[in-house]
Amino acid sequence: MSSYFGAAAGASGPDPLSRQSPAAIRFQRKASTGTAPSVPPPSVPPPESSADEEEPRASTNNNYSSTSTVAAPIREPTRVSTLKREEKEKKQKERMEKERRELEEKRVKEDEMKKEDNNPVHPSLGERTSYVEEPPSTTTTLDRRDRKAEKALVRRITNEMQMATYVQQIDLSAMKQPVGAYTQGVSRIRMLRFAEAILRRTFWTLGKFIANHKIFSILVALACFASAFILPVYHKEQLYIDLPFTHIFGSDSDVISNGIGISPKNQEFNSSNPAFSCIKWRDNNHFAVLLRTMTSRDTILRKDAVLAYTALKKKLDHFPAEKKEFMVQCSLECETDKDMVDRIIKKSPQVALTYPETFVSMSKDSTNLTRVYLGAAIGGVETDTDGAISKATSLLMNFDLKNDLTGKEHNDWHKHFEDQTKLTAASNISLMSWSPETFKDVVVSSLKDQYWCLQFCLIILFVFCLLGSFGINAYQSKPCLGIMIFITIAAVSVTGLSMQFYRNLPVDPLVYPICFVTIGVGLLWLFQLHFSWSRYSSAAVHPTEKIAFILAHDAPGIAASAVVIVLTFLAMGAAIQNGHMVSSFLGIASSVAILLVFTVCFISVFVFIGGSREARGVKWYQVFKTGDTQFTAPQLASFDSASLFSLHDRLLDARPCASRAVGAFVISPKIRYPILVLCTAYIFFAIYGFYNTGIDIKEEYFLPSESSEKAFIEQYRDQFGKTTQFVELTIENSIEYHDHDVQNSIFDIMDFAIAEGYATRAVNWLAEFAKFEKASIYDVNPDTFVPVVNLVFLPSETYRKYTSDIVMDRFQTQIIKSRMYLELTSKGFAERTAFVDMLLKKAASKGIPLSVDIPSSMSLRHDISVFTSGMLAFGVAIVMLFFVSLLLLGQPALTAMLLITSIAVLGETVGYAYFWSVPMNIVTLTMALAGNALTCVIVMAFCYSYSMSGKSQIRAGVRIQYTFQATLVPVLFACIVPVLTFLPLLYVDVPVVHHLFKIVVLNATASLIHYLFFLPNMMLAYSERFGFSCTSLNCAELCCDMDDESSIYYIPTGGRAIHPEGLYHHPSYTYTVPKPLMNAPPPHYLAIAAPPVNSIYGQQADYASRGELKRESRRHRRHSESSIGASETDGTPRRDRDTRRRRQRRAVSRDSEIYEDLPSPRVVTSSRSTSPRRQQPGSMRRQNNHSGPSNPRPQAFHYDEGAPQWRPYVQPSPYMFYPGPVYGQQRR
């Protein structure tokens, strides 16, 4: 550095290529890593004005002050008589004595003020010949409100480590004007305005505590984890895996009613209508057997197949002891029809049968024909032109057990059922059976396989955590920390699963997918904390202070995100009734809460341990090596917000890296418009898919692809699907059926369904009775309506099929319940939720107590309520995100970004699920809503990093680069690793697992796309275009945007050296430029003192909190200094002459003597730090007075970095973006 400054001193001549185009560049203070120059800054030739011209102005300036010498009053010309001169000298001595007394009083007051105010103040500058507009500041040495003109104090620089600012010659002719994100005037979006004071101070104290009490902190985290097992231990009898349908659908009936006149104690129907029956897959008492031909060209109605069918049915019906003791017995007509079907099938190889109904004779003479419905027993039918069956491919038999069977009886019948189906066989016939017990076993087995595969998911997670903890060398590698991150994520995932035991119900086996959301959130927070240690590595700092700084600076964002997520998902769980959604939302809330505790109390300990080993110079595998424990002395004795942010700027490693390059790329003007086009198309397709998506859930989604149960369901839907898609309309109370207005209302509902294309035909006993009434001879009136229906209409052969659809009271006087049917089209079944809703509303408007059921749907109640529950949960989430984020962040712009991104990501996840053939049901929609937690965490991490980028990242473009530097790798981990850890679950070939995997992929992809393309440009728009929306309440103490009092100004000069008194002839421009290391000043720089600017880029920093007492202290201090010089002269001619000569000598080399008063430095003799510290002003003053050949300048002083207003040498970095104009290549 000595040679560097020597070269700078030699180059004192003006640059012929430079012009007088000044601009000012502000530099933030940085940490010291080197020594100070051994020679003072280069001298600058004095201005054109001579010292003689300066004396008269100095004699009239009462505010002129100096700490070394002060010029005596100007002597009278020689023509003045001796008496007058002596008289004036006498008056002058009296005045000096008076000033000395005043000085002593002021010194006493000043000492008292110094005890209260330890902050140093700069001496006021002298009068300037011209002025320019400068931003106001309460921390500067220029207090122009009290004086119109001030002059700089001149003192010899004796300490080579004192700090100064410089004037550099800059040629502005080749100035390049940037646009967009790299221009000035950017609105700085701030975060955590209201909660900052509490959070930062708390985490600072907690960081100090963690560093000194590591074991206790770990025990606190483990105690919180152990508390999560209270509920599982209390409900340990429920620790088993069962069918998930109770949690998914609830225990309510699938029949949906409009709530008008519903009587809960109405009598049930005697039996089902044979023409409208369907297998109830979740009924524990329903069994079935399906016989199907192996080739499509073969027919099932042949002798061997029919014999196998009748033999098996007889064996199963008459168990045990040749009696139907276990079977449900229906009415006599129902049993007759069942026997008739069996007889017809037995004779089918010999007779021609019509389909779906056939007529058989009940007597030998074939005079009495009976209509029998065959559609429920024979499937895959092809008919000829006469309607007769030409080919049939399947036969179906159903068995319904009684509900009052004991467990032993039920198991015995099931065992008999399994044995008989295995023994029965026929050539070219496949026999498939349906048993609820087998269905349950297969579903539970697949769920257990999924939980076994979670072990392999944990292995993949462990590998990624371990690999992610390795750095660029063995010193920065921390595999132990990676292992602890894995343990933390596994622990919080288990905590989330344990929260479902708040209900006394078995384990909800489909809650486990929330663990992948927890994995994403945990990876983002924990690796962000891990990478913070290496990101803040620009200067040496004590490990204890560094972990406290990291927690105080970065952990508030994590805490704010955790509070937002926990409160949001707790509110969502409280607002929803569905058990699966509630368990999932409470699991996420508990996982995030425990994750916050582990992050602060557990992971921070290992981050500190790993960072301490790195600071000691110990490699990760050197377990028993201690290393160098002589750390840098702590710089901050107590928490101070301004010092914390200044420390951030000094520690930040702002060198170019890949993540910063990505941030610069996504906001570059060339790529911004293509991104806009692609994102518009991306959102458009998402909206289209969201609009067309449907609600669907089937039993097949929970069965393995190769299971016999799934094959049975698929074959049943293929062979009998056309006869099972119908709507059952039930009038739940007694109404005036004889009233023609009531009849017309019912007929209108039926006709509406057909007219709108939801149904093909309506099967309505009331419409048939209306036809019967017109053709009959009976007088039908309100008194005879029920007897005619009961005694005449239903017993007739044509209308006997409606017997099971009407329920009479026990006195046979009124109809208390009846049902009708609508055969659905493909549109009606696909849009069944909207169709059912319209039917119920129409019935309610006409006053008809109607209930609706669709037996072919797995759960109609689920189909109708899932969309409502999902939108309600998401609406609650949006409201909570709005209020909680606005309260914690205090920024409408950040809240708007959070809400917009959450809505967009959910819409894109659901919309693109439509294109990927993922049905929306309670399982997939819950996973999509749960993934919103990861989206919110990513958005808040982005906003927080952008807001806390520091004063060295003043422009929006550079701050976005900083944000990518801080969050890109953790966000990539959070979006990619959960998808990769899900891969082992695909081994379980169950559709619901594949659907969940696709939802995880879509949610992670949408979140990553928004992070990479939407958020940077949206933040850029808010920062540049909509600055008015980025404001909040002004709070000087709580805001994080307080300007640093130790800012340094660089003011470019013109073609020649500028006298310090004339520096303010030029306009001042202030910008912030980061520099990780302190360097020596370049040539052609002049040391001056300049004020920091507090109102740049819309920031109006309020320093009124310092109080009027400090300003009064500065005034007293400046007034006392100005009085010293005036009182130290006795007014003799010789002293006046010596003073004038000294002033002339100073004028020659005053450019190398301008400096600012040192603000209360201390002498530190610690051998642990090699960085220089500054001396006390008093000691410096004494050294200046006695400096000479025998008193060489001291070389062992150190900077006290903990002292306020510490100002190192700073030089602009060539690789960083400069706020404001970007200058061309400087010529040297």
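**Exercise 1.** Find the bridge partner of Arg292 in strand E10.

*Solution.* In E10, Arg292 is partnered by Ser394. Keep in mind that you're looking at a predicted model. Now zoom out to the strands: E4 (residues 286–293) pairs with E10 (residues 394–400) in the antiparallel sense, over seven bridges.

**Exercise 2.** E4 also pairs with strand E11; work out the sense of the pairing and how many bridges there are.

*Solution.* Then take the whole strand: E4 and E11 (residues 429–434) run antiparallel and share six bridges.

**Exercise 3.** Decide how well E4 is covered, and sort its residues by the way they point.

*Solution.* First, the cover: eight of the eight residues in E4 are buried. Next, the directions: His286, Ala288, Leu290 and Arg292 point one way, while Phe287, Val289, Leu291 and Thr293 point the other way. Both groups are buried. For the chain as a whole, 56% of the 1228 residues count as buried.

**Exercise 4.** Why does Tyr688 count as partly exposed?

*Solution.* Locate Tyr688 in helix H18. Buried means under 20% relative accessible area and exposed means over 50%. Tyr688 has 44% relative accessibility, so it counts as partly exposed.

Notes:
Residues are numbered from 1 along each chain as its sequence is written. This is a predicted model: local features need pLDDT of at least 70, side-chain atom pairs count only at pLDDT 80 or more; totals for chains, interfaces and linings use all residues. Side-chain values use heavy atoms; hydrogens and water are left out. Helices (H or I, at least four residues) and strands (E, at least two) are DSSP runs, numbered from the N terminus. Buried means under 20% relative accessible area, exposed over 50%, partly exposed in between (1.4 Å probe, protein chains only). Two strands pair if DSSP finds at least two bridges between them.
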